[in-house]
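Please keep the sequence and the model in view while reading.

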Amino acid sequence: MSHTLYIFYKDERMALFKTNTTDLNEMYEYCSKELIMDGFKKKMDIKYQIKFFKNFLEQIYKRKRNSYKIRHSDLLMFRDVAFALYKYNEYDLNDIIVLKNK
């Protein structure tokens, strides 16, 4: 079954992606686990990673609000960062929605 993943930030839809699961932990494993582990390998503690990730989300959000073009790779990274922050309990679960496609 296919689903669509919607990611919001500050009440604005930032991205949508096709997915085959509704399990957010499975999405985290696929999208963000490696991102977090790379941070630890680079000696970034959790507090630093959270600050770094939030800064990235804010930069992409500002680009969207100012009507600048956002690359697909940036949207993929936005998704990965959102799930990393979700794992750290720093991203509002209400801003991640998965809906079944018709």
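## The model

The structure is a predicted model, in which local features need pLDDT of at least 70 and side-chain atom pairs count only at pLDDT 80 or more, while totals for chains, interfaces and linings use all residues. Residues are numbered from 1 along each chain as its sequence is written, and side-chain values use heavy atoms, with hydrogens and water left out.

Helices (H or I, at least four residues) and strands (E, at least two) are DSSP runs, numbered from the N terminus.

## The sheet

Three strands form an open sheet in the order S2-S1-S3, with antiparallel pairing. Two strands are said to pair if DSSP finds at least two bridges between them. In general, strands of a sheet pair through backbone hydrogen bonds, either parallel or antiparallel. S2 and strand S3 (96-100) are the edge strands, each pairing on one side only. Direction ignored, neighbouring strands are turned by 20° against each other on average; the axes behind such angles are lines fitted to C-alpha atoms, for helices over the stretch in contact, and angles run from 0 to 180 degrees between N-to-C directions.

S1 and S2 are joined by seven bridges. Within this pair, Thr-4 stands opposite Lys-18, and Phe-8 has Arg-13 as its bridge partner. The two strands form a hairpin with two residues between them, and Lys-10 in the turn has a positive phi of about 50°. On the S3 side, five bridges join S1 to S3, and His-3 stands opposite Lys-100. Five of the seven residues of S1 are buried, so this strand is largely enclosed by the rest of the structure. Here buried means under 20% relative accessible area, exposed means over 50%, and partly exposed lies in between (1.4 Å probe, protein chains only).

## Helix H4

H4 packs on the sheet and touches S1, S2 and S3; its direction makes about 95° with that of S2. Contact means heavy atoms within 4.5 Å. How far apart are the end C-alpha atoms of H4? They are 23 Å apart, which agrees with the 22 Å that its 16 residues should span at 1.5 Å a residue; the expected span is 1.5 Å times one less than the number of residues.

The buried residues of H4 include Asp-74, Phe-78, Arg-79 and Phe-83. Among the elements covering its buried residues are H1, helix H2 (33-41) and H3. Just after H4, Asn-89 takes a positive phi of about 60°.

## The nonpolar core

A nonpolar core is a set of buried Ala, Val, Leu, Ile, Met, Phe, Trp, Tyr and Cys residues joined through side-chain atoms within 4.5 Å. The largest one has 28 residues, of which Leu-57, Phe-78, Phe-83 and Tyr-91 touch the most other members. Strand S1 (3-9), strand S2 (12-19), helix H1 (24-31), helix H3 (46-65) and helix H4 (72-87) each supply at least two residues. H4 gives the most, with eight residues. Beyond its neighbours within four places in sequence, Phe-78 contacts several residues, including Ile-7, Met-14, Leu-57 and Tyr-91.

Is Gln-49 buried or exposed? Gln-49, which lies in helix H3, is buried because its relative accessible area is 1%. A polar atom of its side chain lies 3.4 Å from the backbone oxygen of Ile-36, and one lies 3.2 Å from the backbone oxygen of Met-44.

Lys-51 is also placed in helix H3. Lys-51 counts as exposed because its relative accessibility is 63%.

Conventions: A polar contact is a pair of N or O atoms within 3.5 Å; within protein, one must be able to donate a hydrogen and the other to accept it, and residues adjacent in sequence count only if both atoms are side-chain atoms.
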